[in-house]
Structure formats: structure tokens, C-alpha cells
Amino acid sequence: MSQTRTEEPMTHRQILEALSGLLLVLFVAMVSSTIVSTALPKIIGALNGTQGQYTWVVTATLLTATASTPIWGKLADLYSKKLLVQISIVIFVAGSIVAGLSQNAGELIAARAFQGIGVGGLQALVQVVIAAMIPPRERGRYNGYLGGVMAVATVGGPLLGGVIVDTSWLGWRWCFFVGVPIAVIALFVLQKTLHIATLRRDNVKIDYLGAALIAAGVSTLLIWVSFVDNSFAWLSWQTFAMVGAGLVLLALAIRVEARAAEPVVPLDIVKQRTTALSIVASLAVGMAMFGGAVFLGQYFQIGRGYTPTEAGLLTIPLMAGVLGASIIVGRLITRSGNIKPYIVGGTVTLVVGFAALATIDHETSLVFVGAAMLLVGVGVGSSMQNLVLAVQNTVPLKDIGAASSTIAFFRSLGGTIGVSVLGAVLARRVTDNITHGLAAAGVPAGSGGSTSNLNVNALPAALQHVVRAAYGDATGHIFLISAGIAVVGVVAAALMKPAALRSTLDLAAPAPAADKVPAATR
């Protein structure tokens, strides 16, 4: 193995210059999700899609991002991080253009799946590059910059998406086109400003088989979740076939990962206490981050009758919580050097916020909904970035890519599972609510013709109230499930071992040997 450092260590000014390009990349990646959150009901309505397709427009991106994230992270430990970031930007841009040109929901789902490969690279590599430039102790302060970009993307994204779909001369396709010029600018900024050491190793082996098995296993289970209790029963041959196949594929993936020379998810890192517990907590945070934005946008538009722009404004408390918590907690962590108390506090706040959202229906006070969203945002902002930081603090620099991408992988997996499962539960509850609502109102079933329930304004007047009440009342149920899962995150965070953040980029390699010498001579 050979290690070649092709550039000198970066100065503080160079770090800030490179960080500007990385923050642009992070902004583009986050906007790709948030800009769709409020626009998606109108997009799927325009394409005459179904609730299942609504969920899969989000799930497809998360799934491919999840599957590709560990591969990007492993490649970052072997090849030029700068080149990999630029490649992921190009893939993201291509996927965005194709998504904007989609003619039906199926094409949009496929384009979003391709786009997710680039998103997987961006979400993993930004963390990896920052970790290669800034020591963990100082990284908390820089999390303030990350928090600011997250806030702009998460607050501005839904607003921008709402304005775009509400503006007749733009239309929903610009929700996908608008990120292209920003991504291109980021590409050139990084080319000029990013100069970090490159790690090169001979005889590199990427575990594509393991990645394929993980993706196939997770996909099979998610497809089962989307169709169970609708197309077939829970106890049926289809359930046994799909669940069995998914579990077998994942078992094979674990076997392959245990034997692979260069596993995409290194089991020796995953088995470490801090990493394992951070993974469990990240699953809960992932569900909050993705599920909250996706279904709250739908709740405000379909359940409450607001426009996409108004829905974007109504989600500001959620995003304000993320911004405030990430900036304040990041600075407190840098000052104290301790991280566990803030992660525990964040996960507890997350549970409280979800529990409050579990009580909402189509007539709940917007002040109460906003307060609950603020709590969820504070929980996400206090824990999401810091779970990655906790893991990065325990591994050497050479493994930073694999460790960072492993956490990003499971956080994305949590979001994927969350959106898919919660979407399936929501679809089932909405169908039941609409059926009962129609019966109570004496409206014949099928009165909406071939029009999608998501295209509410195109439905007959008698149906509109029934559909809005059905969505508004069903949304609280899925957040009750989220609250229950978030409790697992609290337990995981509480079991994490307290550790002070190191002030160096790499672990002190001689320390273990130095500790043993006095013991041997006493």
C-alpha cells in the first residue's frame, strides 16, 4: 500500500474557501429534497399519480442514495475526494434534468432514483472532506456554517418549491431545473479552492457484490411494505416470499461483508460501541428528517387546503428548530469538548415533538402544530450532525470515509424505511377514512372518476371535504409511530460512552503502545 500526499496542508483561509464550495454542494443536495416536499402534492396531482407513487418519488431517491453512500465513502478512502465530489455533482445534475423532463410518475420515479446516486455521493463526501480538513474539536464550530446552510436549504427549499409550482410561467418542472446552475457553480468553486491530501492504494477492491446485495435486500422489503395489506394480505404467500427473499439477501450481504477485503460497510467499525449506537440513533433521526418534511407538506396542502407557498411558510418552525439547534449546540460542543449530553437531549426532544404531532387532525390549531414542529427541528438539529461527529472522533483518518458514509448510510436507510413504511400506513388510513367519509356523506364510491385523490381541486365539491379530512386525520397516526421509534434513539444515545473530542485530525497512533510500556516495567 502506498500513501501519497499531493498537496500541502491547508491554511485557515484555504479551509474557508474550500468550505464555501462544499456548502454550496450541501445546499444543492438538501434543496433537492426540501424543494420537492411542498411541491410534490401538486406534481403528483399534475401527473395523475397515486399515493403509492407519491411515496416512491421520495423513496426512490433515498434508496439509491442509501445504496450508493457506502460505496462513495469507501472510494473516498482510496481515491481523490475532490474528483469524487465533482463526479457526484455531475450525476446529480444529469438526474435533475431528466426528472424535470418526466412525462409521467413512473419516469419521475426512475429519474429520481438516478439522481439519488449523486445525492448519496454528496451527503457522504461533504462530511468526509470536512473531516479531512478540520479536527473533531474544532468541527463543532464549523457545524454552525453547516447549520446555516441547512436552514437556508430547509426553509428556502419548501418556500421556493411552493412559489415555483404556484407561478404559472414556471411550473413544477423548475423544481428540478433550479438546482442545476447552483451545482455547476459549486463544481467550478471546488475545482479552484479544494486542495486536500489524496490517499492512493494499490490493488484496490470495491465490494460491489456486498453493495448490490444490501440494495436488493432493502428494496425487496420496501416493495413489500408498499403493497402489503393493499394488493395482498399480511399473511400470504407473497409476504413470505418477499420478506424471506429480503432477509436472505441481507444475510448474504453480511456474510460477504465479513469476508470482503474492502467491505462497503466495515463490520469492525460497525461493531464498535459508539458506531453501533450512533447507527441506531441515526435510524430514528433519519425518519424524522425525511418523514417529517415529506408528510407535513402533504398535511398542510391536502389535509388543510393551503397552497404550496403557504405550506412552505408553515414548515418554517421545523426548519428554524434545525437551524437554531445546530448552530447553538455546535458552538457548545466546541467549547466543552463533550458531545453525548447534546445528542441525548436532542433525541429526547425529538420524541416529545413527535408525540405532540401524533395528536393533530385536520382542525388542530396551527400554533400547536408549529410548536410541535419546532421541537422536532430542535431534536434533529441537536443530533443529526453530531452523531456523525461522534463516530468520526473514534476512528483514524484513513477510515474516516468508511465511518462517515456508514452513519450516512444508516441515516438514509432510516429515512427510506420511514418514508416507505409511514407512506404505506398513511395510504391505508387515508383509503379507509375516505371510504367511511363517503359512506357517511352518502356520496357514491368512485365519484371522483379517474382523477387522483392528490389532485384535490379537480375533484367534485362533495369529495373535496372528505379527502381533506381523511388526509388531515390520518397524518397524526404516522407521527405516533415515529414517536415510538424515536424512543429507541433515546435509549441508544443514553448508552453511548462519554468521550472528549480530540483536537487533532488523526488518532494518536503511539498512545496504545505508550500505555503498555509503563505497565510492563512496573
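User: At roughly what angle do the axes of helix H13 and H15 cross?

Analyst: In this predicted model, H13 covers residues 316-336 and H15 covers residues 366-392. Their axes come within 7 Å of each other. The crossing angle is roughly 40°.

User: Is H13 parallel, antiparallel, perpendicular or oblique to H15?

Analyst: The axes of H13 and H15 cross at roughly 40°. Angles under 35 degrees count as roughly parallel, and 65 to 115 as roughly perpendicular. The arrangement of H13 relative to H15 is therefore oblique.

User: How many nonpolar, polar and charged residues make up the contact of H13 with H15?

Analyst: The crossing of these two helices is right-handed. H13 contributes residues including Pro 317, Ala 325 and Ile 333, while H15 contributes residues including Met 373, Gly 377 and Asn 386. By class, the contact of H13 with H15 comprises 13 nonpolar, seven polar and no charged residues.

User: Is Ser 383 buried or exposed?

Analyst: Ser 383 is part of helix H15. Beyond its neighbours within four places in sequence, Ser 383 contacts Val 285, Ile 343 and Thr 347. The relative accessibility of Ser 383 is 0%, so the residue counts as buried.

User: How are H3 and H7 oriented to each other?

Analyst: Helix H3 spans residues 81-100 and helix H7 spans residues 179-193. Their axes lie 10 Å apart and the packing angle is about 165°. Since angles over 145 degrees belong to this class, H3 and H7 are roughly antiparallel.

User: How many charged residues does the contact of H3 with H7 have?

Analyst: H3 passes H7 in a left-handed crossing. Among the residues that meet are Lys 82, Ile 89 and Phe 92 of H3 and Ala 183, Leu 187 and Gln 191 of H7. The contact of H3 with H7 has ten nonpolar and three polar residues, and the number of charged residues is one.

User: How far apart in space are Ser 405 and Trp 72?

Analyst: Ser 405 belongs to helix H16, residues 400-441, and is buried, with a relative accessible area of 0%. Leaving out residues up to four places away in sequence, Ser 405 touches Thr 69, Pro 70, Gly 73, Lys 74 and Ala 124. Although Ser 405 and Trp 72 are 333 residues apart in sequence, their C-alpha to C-alpha distance is 7.4 Å.

User: Which geometry does the pair of Trp 174 and Phe 177 have, stacked or edge-to-face?

Analyst: The count of aromatic pairs comes to four. In the pair of Trp 174 and Phe 177, the ring centres are 5.4 Å apart and the planes stand at 85°, so the geometry is edge-to-face.

User: Which of these two residues, Trp 174 or Phe 177, counts as buried?

Analyst: Trp 174 and Phe 177 are three residues apart in helix H6, which means about one helical turn separates them. Trp 174, at 41% relative accessibility, counts as partly exposed. At 18% relative accessibility, the buried residue is Phe 177.

User: What is the angle between the planes of Phe 354 and Phe 479?

Analyst: Phe 354 lies in helix H14 and Phe 479 in helix H17, 125 residues apart, and the pair links distant parts of the chain. Both residues are buried. Their rings are 6.0 Å centre to centre and form a stacked pair, with an angle between the planes of 20°.

User: What percentage of the residues of the protein chain count as buried?

Analyst: The secondary structure of the protein chain comes to 18 helices and zero strands. Of the contacts with a separation of 6 or more, 84% are between residues 24 or more positions apart. Of the 522 residues of the protein chain, the buried share is 56%.

Key: Residues are numbered from 1 along each chain as its sequence is written. This is a predicted model: local features need pLDDT of at least 70, side-chain atom pairs count only at pLDDT 80 or more; totals for chains, interfaces and linings use all residues. Side-chain values use heavy atoms; hydrogens and water are left out. Helices (H or I, at least four residues) and strands (E, at least two) are DSSP runs, numbered from the N terminus. Buried means under 20% relative accessible area, exposed over 50%, partly exposed in between (1.4 Å probe, protein chains only). Contact means heavy atoms within 4.5 Å. Axes are lines fitted to C-alpha atoms, for helices over the stretch in contact, and angles run from 0 to 180 degrees between N-to-C directions. A crossing is left-handed if the near helix is turned anticlockwise from the far one by less than a right angle, and right-handed if clockwise. Ala, Val, Leu, Ile, Met, Phe, Trp, Tyr, Cys and Pro count as nonpolar, Asp, Glu, Lys and Arg as charged, and the others, Gly among them, as polar. Rings of Phe, Tyr and Trp (its six-membered ring) pair if their centres lie within 6.5 Å; planes under 30 degrees apart count as stacked, over 60 as edge-to-face and the rest as tilted.
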